[in-house]
Amino acid sequence: MSKKTRKLSFDTDWKFSPALENTEYIDIKKRYGLFINGKFIPSKGKKFFDTINPANEDKIAEITDANSSDVSLAVQSARSAYEKVWSKMNPSERGKYIFRIARLIQERAREFAVIESLDGGKPIRESKQVDIPLASAHFFYYAGWADKLNYAFPGRSAHSLGVAGQIIPWNFPLLMAAWKIAPALATGNTVVLKPAETTPLTALKLAEIIQEADVPPGVVNIVTGGGATGRAIVKHPDIDKIAFTGSTEVGKYIMDVIAGSGKKYTLELGGKAANIIFEDAAINQAVEGIVDSIFFNQGHVCCAGSRLYVQESIAQEVIRKLKDRMETLVIGNPLDKNTDIGAINSKMQLEKICSYVDLGKSEGGAIHQSSCSLPEKGYWYPPTLFTDVSQSHRVVQEEIFGPVLAVQTFRTVDEVISKANNTPYGLSGGVWTEKGSKLFQVSKEIRAGVIWANSFNKFDPGSPFGGYKESGMGREGGVEGLYSYVGLD
Amino acid sequence: MLNYQLQKYSIDQVGVAGRVQRLFSRSIKKESKMQALRLALSMIDLTTLEGKDSPGKVKQLCYKAAHLHDQFPNLPKVAAVCVYPNMVKEAKNALTGSLIKIASVATSFPSGMSTLKSKIQEVNRVVKDGADEVDMVISRGRFLQGDYSYVFDEIAQAKEACGQAHLKVILEAGELVTLENVCNASELAMEAGADFIKTSTGKITPAATPQVVLVMLEAIRDFYIKTGKTVGMKPAGGINTAKRAIQYLVMVRETLGQGWMTPDKFRFGASSLANDVLMQIIKQKTNVYQSINYFSID
Amino acid sequence: MRNRLDIWKTYKLYINGKFPRTESGRYSKWTSPDKSVIINVCRGSRKDFRNAIVAARKSFDGWSNLSAFNRGQILYRIGEMLEGRRDQFINELMIQGSTNKEAEQELKQSIDRLIYYAGWTDKFQQIFSRVNPVSMPYFNFTVPEATGIVAVIAPENSSLLGLISVVAPAIAGGNVCVVLASSSKPLCSITWAEVLHSSDVPAGVVNIITGIKNELLKHFSSHMDVNAVVYCGDKMKEIRTIEKMSSLNVKRAVIYQNTDWNPDTSQGPYYILDTQEIKTTWHPIGI
């Protein structure tokens, strides 16, 4: 039997029955107001928008669209809470409030996970095992720093900045809220946070926890809305610090708008990371690493390894194994515990992915997609890879933010390092080799803020995360995450 | 003797653990659970390998093998019984007319610490006594000292001595320690002619671990792509819950696919697993958790 | 007997380890406050700036890959060379308008500051690196790395100490610089280039350009191959321009509104950190 006819068949007689997560006990209101000064209040503007479940396009709840006077009210509350209560509080006490938030999230973890999957489309397994635990851990980690800041900055003492305006994306909604709120609070600041338009629910549920934890009113304010609400926050004169995670395009807009205002800012923007597999890698594990890097979370990951560079001598083997592995990925109902790849977050994002894939095809790329069937309703995209593409192809240069991988081969290590760095982005990178010295050398030479060696897409509250170049500036996580929210004396 | 050159592979243990964790997070419910339980039952090599085994014990085991739970009709039969060489004739008699295979350990199981000549003689004996399948052990000491050609040769000779019988090669992964050794030994065994590769003797811990099982399944997969030969896999030792058995079935399904979802290509070496699977089957049917008191122990 | 005629120095640019004139041929007349000295200062163009960036980029890999110890030795050498030229600099500072006392003070501070940063090159990493205790079996460590090319708008009012206070930490951290010198006090900046030139500083690591701020500011802050721009000053219009232009390629805009570079608070490892990137690496721990 020739190699060509040796195929594995993953369409087995034994199929997985649906294994749906129980959702009976979760509580989602029909309509949410804005969380300002410790209460849920309506907007004077009386504008709303729906948040839908991208797996079936059903409406889940009505969300208030905050206008600029809502934003001003939130900033005012944050300012007042900062001056009168939060900055005056003993740091250990501040820490204890943040510990409370962490523990309450753990207590209600399952409910949060279900809501996260409903609102954003990500598989329940990921929400349960990754998003919610990491979010809680983030609060727990920073809670501990609140009264230890004098150890974090050798030779300097830190003071809080005041009010932070924070805008977060839709790919890890609760986790991104934790990444923003936890360090801000721990360093003595108060917060006005806007969750993404398509995924507001877990931030609003977090507001409930903040109420439950008895955090002083105004310390955390959650204002929901779209681009206009975000702009109102960015432009507000009484905000001391802007923290933004989102596209590079919007990041640049923010830098432009706040130029000269004296506002501090940190940005966590887009990426087009290179994932490099050398011939002396542990190949089977590297293939799983590819899945981690680009298909996990439907590819909605700024640090996704969306450019694969595989050494030519092993390219055929890697690609064949990758294609086999793609066949075992389950795309389906996010609430099914066996789902590996959930729904694409929104119609808009789906359209963007489709147009990039069309572009890739028209640019001459050879496309391969998993043979899975996609549900009728909702927004779905199968795992996809492009071969026969090069640095000059737009699908290799531009961030697609979907489960689409561009594959290239390389011959020598310096070739791949220069190709890996040949991009305006610099968020992350992956290196797979079992040779220690090569691993250290390549890790050193890749110009990116996070390098995953023999791994990919691993996160931890103690590990600083952020980009070089156009992937942003400033770090979240670890000690470095504190720098973003303090001034040093 | 062939001068065997080992192809050395690199394996990242943390990566393997991650893949295992993902596979084990599969939620097998309802109809797919029932299917899996029945399939698992049909893949069991019902085993007794104790120094105190006697004809009486083996007779009772064989009856259990053919009558797992007569109160419940249409249950699948186990694939085989597995016994010591001295018990092969007894097992053969007890299972006359049945489709259940007779598997015998051989080659100075479990240590393998005797001459190659006597080990091959043992294989000859059990085949003559009626064994359909032979579970041999490799010489781990030789492997660890780098004498791969010796190990290759002992497997090749055992395969020849098997004749029509199937050869399972036990790697004893617990003594090989690293996943690289397990992977390399797997490939060596397959190249030397193994019909099945098996994780452990079940006489030491660790026996079959999820990481070892995954590495061996992947070695089988890579061997199939390279040569077109389909080699079977048998984890043995420490598999005593239906849950774990189903997890391994998920592993087989997502690594090797349809071709290996059959007792011809996958077995569980176990003794108490059968009852746990039976209890789960009855629980699925009746929706009521079961007690061991309602199931025969052999 | 006739007095001996002095040979006047031509104040040129310092690019890529050489002293070229501006390619534009333009000049600005600079007159000392007491009107006694008149100098034709090169009016650097955007092309000079561009050439300097090219030179800087070429030199970055070599400079950042030198051992920290090596960089420290070079910074120390700059201090040695500066010490050797005390009188020349005191004289120039006085021509620029300082009193003798002020000039001496500034010179001493400048030398000491260089020595200070020479001692930081192989230590700041130890202060700002971490091994992070992640809750999975990975070795996770964080280290600072040089950001790359730092464009510097030097302090207007402090052409030696102020200039050194921002360039020394940047290069101590492995970066390379293109500096727009003070236009009101250009002399010391260019003479300092001579010090650099005699200190084993590789070509392209520090480039110094004189010119009109209005003209060059937007190029310094918009060039797509510049990784960070350091601005010293407090003019809101200039700050706004820099921050706006930085958005084009997400440059790190570092604004120092401080105008007094004398005190010890004007030096420290955090000045190095301002032009560092932070890299975190994960590696599995297993057998």
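Predicted model: local features only at pLDDT ≥ 70, side-chain atom pairs only at ≥ 80, totals over all residues.
1. A word on the source, and then the answer.

2. Chain A brings 37 residues to the contact and chain B brings 37 residues. Together they bury about 3,300 Å², and carbon and sulfur atoms give 49% of that area. The chain A side divides into 16 charged, twelve nonpolar and nine polar residues.

3. Five salt bridges are counted between chain A and chain B. In one salt bridge, the side chain of B:R19 meets that of A:E288, with N to O at 3.2 Å. As a reminder, side chains of opposite charge can pair when their charged atoms come close.

4. Those two residues turn up again in the largest cavity, which holds about 190 Å³ of space. It is lined by 17 residues, and A:E288 and B:R19 are among the closest to its centre, along with A:R325, B:E218 and B:R221. The largest share, four residues, comes from α9(A). By class, the lining has eight charged, five nonpolar and four polar residues. Across the whole structure, the search finds ten cavities of 30 Å³ or more.

5. Now to chain C. Its contact with chain A takes 45 residues from chain A and 42 residues from chain C. The buried area is about 3,400 Å², with 52% from carbon and sulfur atoms. A:G260, A:R447 and A:Y468 supply 14% of what chain A buries against chain C, more than any other three residues.

6. The polar side of the A–C contact comes to 26 residue pairs, again with both at pLDDT 80 or more. On chain A, α8, β11, α14 (436-445), β18, β19 and α15 each supply at least two residues of the side that touches chain C. The most come from α14(A), with five residues. That side has 23 nonpolar, twelve charged and ten polar residues. Four salt bridges are counted between chain A and chain C, and C:R130 forms a salt bridge with A:E480 in which the closest N and O atoms are 3.0 Å apart.

7. Of its 41 lining residues, A:K264, A:Y483, C:A253, C:V254 and C:D274 lie nearest the centre. The strand β9(C) gives the most to this lining, with five residues. The lining has 16 nonpolar, 14 polar and eleven charged residues.

8. Finally, a point within chain A. Over all chains, the search finds 74 salt bridges. A:E470 and A:K252 meet in a salt bridge at 3.0 Å, N to O. This pair links distant parts of the chain, 218 residues apart: A:K252 sits in helix α8 (residues 248-258), and A:E470 in the loop between β18 (450-453) and β19 (472-473).

How values were computed
Residues numbered from 1 in each chain as written. Chains lettered and ligands numbered in written order. Heavy atoms only, no water. 1 Å grid on protein atoms, 1.4 Å probe; cavity = no way out; pocket = protein on both sides within 12 Å on 5 of 7 lines; lining within 4 Å. Points joined across faces, edges and corners; volume = space filled by probe spheres on them. Nonpolar A, V, L, I, M, F, W, Y, C, P; charged D, E, K, R; others polar. Contact = heavy atoms within 4.5 Å. Buried area = accessible area lost by both parts, 1.4 Å probe. Polar contact = N/O pair within 3.5 Å; in protein donor to acceptor, adjacent residues only side chain to side chain.
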